[in-house]
Amino acid sequence: ISYFWDQLIQRTCQNSLEGTLGGNSNIARGESAIYEMVKEPRFMRRSLSEKMLTAVDRFPDTGSFTRQVTFLPSFEPNVGYVLLQLRVPEEFRAEADFREKRHTVLEIACGAAKNKFPNLVKVIGIGIEVPKFSGGTVVEDFLLMPCEDWSDERKTYYEELNREWSFFGTPALRQFKDHVTQFIQPPRQRKPAESGKTGRNNPCPCGSGKKFKKCHGR
């Protein structure tokens with residue numbers, strides 16, 4: 001099972017070489033989620049792989065727009081992984097900026113994890129489409145969020161972004177111990193404005209977390 005982790009690293013390195021890797025990786029400078037993943041010892045790779053595969057297998061079939069976050073502690077102290085699985089309608093997946101939107105949601109989930117577990121100094125985000133609902137095509141996004149210096153402004157920033165998504169917002173997620181999985185229902189649809197149009201400064205109805213004018217209102 002531990003080789004699942006190795007295969008994930010290998011595919012990601014290949015995506016980086018081909019220029020198709022999403023996220024903020026800079027492998028040449030050692031600033032990359034992949035760099036952190038490589039440091040995991042063999043026994044920890046097996047544990048992380050088992051938990052990731054379990055989360056993938058248990059993803060609920062509740063509709064065409066569903067998301068799930070799983071928190072996985074690293075072998076390194078004060079480091080954790082956030083696995084974000086998204087299931088979205090085909091028309092959203094086909095949009096040219098879908099990867100960018102998924103990366104934005106992944107960043108919000110990582111910021112929410114830091115706010116939930118203040119002792120974290122690094123959060124590694126892994127975003128994927130749900131394998132069993134993606135038609136056999138799985139493309140990963142990775143994000144490395146250094147967060148040792150976490151100002152009040154940054155904390156508030158991610159609290160505001162997470163208000164719509166409520167990642168790691170349930171009372172059950174209180175302890176930084178074993179992996180925890182949280183199923184989040186999609187945001188409730190907002191009532192349309194009286195004009196029948198979404199205001200440019202309102203959150204985009206697609207659930208990306210961006211303002212409408214910077215998302216589907218462009």
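Buried residues, meaning those under 20% relative accessible area with a 1.4 Å probe and protein chains only as cover, make up 44% of the 218 residues in the chain. This is a predicted model, so to speak of local features takes a pLDDT of at least 70, side-chain atom pairs count only at pLDDT 80 or more, and totals for chains, interfaces and linings use all residues. Numbering starts from 1 along each chain as its sequence is written, and side-chain values use heavy atoms, with hydrogens and water left out. The accessible surface of the chain, from the Shrake-Rupley method with a 1.4 Å probe, comes to about 11,800 Å², and carbon and sulfur atoms hold 50% of that.

Now for the layout. You'll find six helices and six strands here, taken as DSSP runs (H or I, at least four residues, for helices; E, at least two, for strands) and numbered from the N terminus. Read from that end, the order is α-β-α-α-β-β-α-α-β-β-α-β. If you count contacts (heavy atoms within 4.5 Å) with a separation of 6 or more, 66% of them join residues 24 or more positions apart.

On to the inside. A nonpolar core is a set of buried Ala, Val, Leu, Ile, Met, Phe, Trp, Tyr and Cys residues joined through side-chain atoms within 4.5 Å. The largest one has 23 residues, and Val82, Met145, Phe167 and Phe168 have the most contacts inside it. At least two residues each come from β2 (66-73), β3 (79-87), α5 (98-116) and β5 (141-146), with α5 giving the most, seven residues. Apart from this core lies another, of 20 residues, including Trp5, Tyr81, Leu83 and Phe142. As a rule, nonpolar side chains in soluble globular proteins tend to be buried together.

Take a look at methionine 145. Setting aside neighbours within four places in sequence, Met145 is in contact with Glu107, Cys110, Gly111, Val121, Lys122, Val123, Trp150, Arg154 and Tyr158.

Finally, a bit of backbone. Most residues other than glycine have a negative phi. Asparagine 78, though not a glycine, has a positive phi of about 60°.

Note on methods. Buried < 20%, exposed > 50% of the residue type's maximum accessible area, 1.4 Å probe, protein only.
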